[in-house]
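Hello,

Here is the structure you will be taking over. My notes on it follow below.

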Amino acid sequence: MAELMRGLEGVIAAETKISSIIDSQLTYAGYDIDDLTENAQFEEVMFLLWNYRLPNQQELAELKEKLFGYMTLSPRVYSHFEEYTTDKVHPMTALRTSVSYLAHFDENADDNDQAALPERAIRIQAKIASLVASFSRVREGKEPVKPDPSLSYAANFLYMLRGEKPTDVEIEGFNKALILHADHELNASAFTARCSVSSLSDMYSGITAAVGSLKGPLHGGANERVMSMLFDIGSLDNVEPYLEKAFANKDKIMGFGHRVYKNGDPRAKYLKEMSRKITEETGQSELFEMSVKIADILEKEKGLLPNVDFYSATVYHSMGIPHDLFTPIFAVSRTAGWTAHILEQLANNRIIRPRANYVGETDRKYEPIEAR
Ligand code: COA
């Protein structure tokens, strides 16, 4: 039997030019994440992930125009949301269904021609922001808000969500958060997207599958649970007793640990600083202080460091974003990476079909049901 690598740890399953994690440093197409987070717009990062180079002014303007053009959804999507609202589904469940539903309105959904795919990536990237924002509004009994062509992608998302123009500080913070979550080499959901389209299935199927993968608490679902943990803890004084109990029960602490980073997640420092600033501005510093105390104890007791999900939770919470939208927002950002992985997979496809070591029973004979 060949050696089993549980969770495919350390297995090289693809070649990519989209992003890399080398010596605990994350780069997108060769650009350090620090450089991009400090300087870029999320739209430039989308273009970079799809084309392996930054856009010039004209290309960026064209991309923004297309994104804006695709942001409006069919009225049938909004009425569909009303059904989900009656069923009280989680926004990630609603997103998984509605991303799939988007294909109904794209007559070329199954066209995997190389020339057609980049446009589909832009289309899905535009619509996923509108899906998350308008689902949130419809379930609150509010009218969806149409995008504003003068706003960036980050600003438009917040505008469509809340119906008010966001502040410059919010736009800057949200733009950075979108960049930081945009891609991460062969993470579970990107691999899911690649597996899905490697059968030559369509891009909507790949993104639907990826949303399903991101939803889990060991992946993107961790950020919402970080916020539940902070609320369960409730005060700075309760951090230690809460963690002692969690350690005794061998509970996983959400927002800590990583398969690849063992010396810390390079994205966490930005989110930590954003969390410090925004919790202070909104009078919720105790949430930040609790987070720092949790991180200190986790490092000391378990050698575990915060990942991207830990401080992003308090950042989004302080922006007034409902907690169950944290993971859908992660999906909005990660769609840039997922679509890039789908483009790359389909540009040089071979079906992904590994093997399994069979460890079940052998040499059995069928028994009639009455004999069982
Ligand atoms: N809390 C407590 N213990 C943790 C932990 C956490 N968040 N993350 C890892 N550990 C422990 C494991 O229990 C395991 O201990 P053991 O060897 O005594 O069994 C050890 O550290 C190794 O962890 P493992 O689960 O094998 O790592 P992995 O590479 O399979 O999983 C994660 C990586 C991210 C799934 C894992 O760290 C985790 O579940 N984190 C919490 C969820 C999360 O924040 N996900 C977002 C990722 S960006």
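A salt bridge here is a side-chain nitrogen of Lys or Arg within 4 Å of a carboxyl oxygen of Asp or Glu. The structure holds 15 of them. This is a predicted model, in which local features need pLDDT of at least 70 and side-chain atom pairs count only at pLDDT 80 or more, while totals for chains, interfaces and linings use all residues. Residues are numbered from 1 along each chain as its sequence is written, and side-chain values use heavy atoms, with hydrogens and water left out.

Among the salt bridges is one between Glu-59 and Arg-53, at 2.7 Å from N to O. Arg-53 is partly exposed, with a relative accessible area of 39% (partly exposed lies between buried, under 20%, and exposed, over 50%, with a 1.4 Å probe and protein chains only). Another salt bridge joins Asp-106 to Arg-123, with the closest N and O atoms 3.6 Å apart.

Which residues make polar contacts (N or O atoms within 3.5 Å) with the ligand? A backbone N or O atom of Leu-218 is 3.0 Å from a ligand nitrogen, and one of Gly-255 is 2.8 Å from a ligand oxygen. The side chain of Asn-307 places an N or O atom 2.9 Å from an oxygen of the ligand.

Regards

Technical notes:
Polar contact = N/O pair within 3.5 Å; in protein donor to acceptor, adjacent residues only side chain to side chain.
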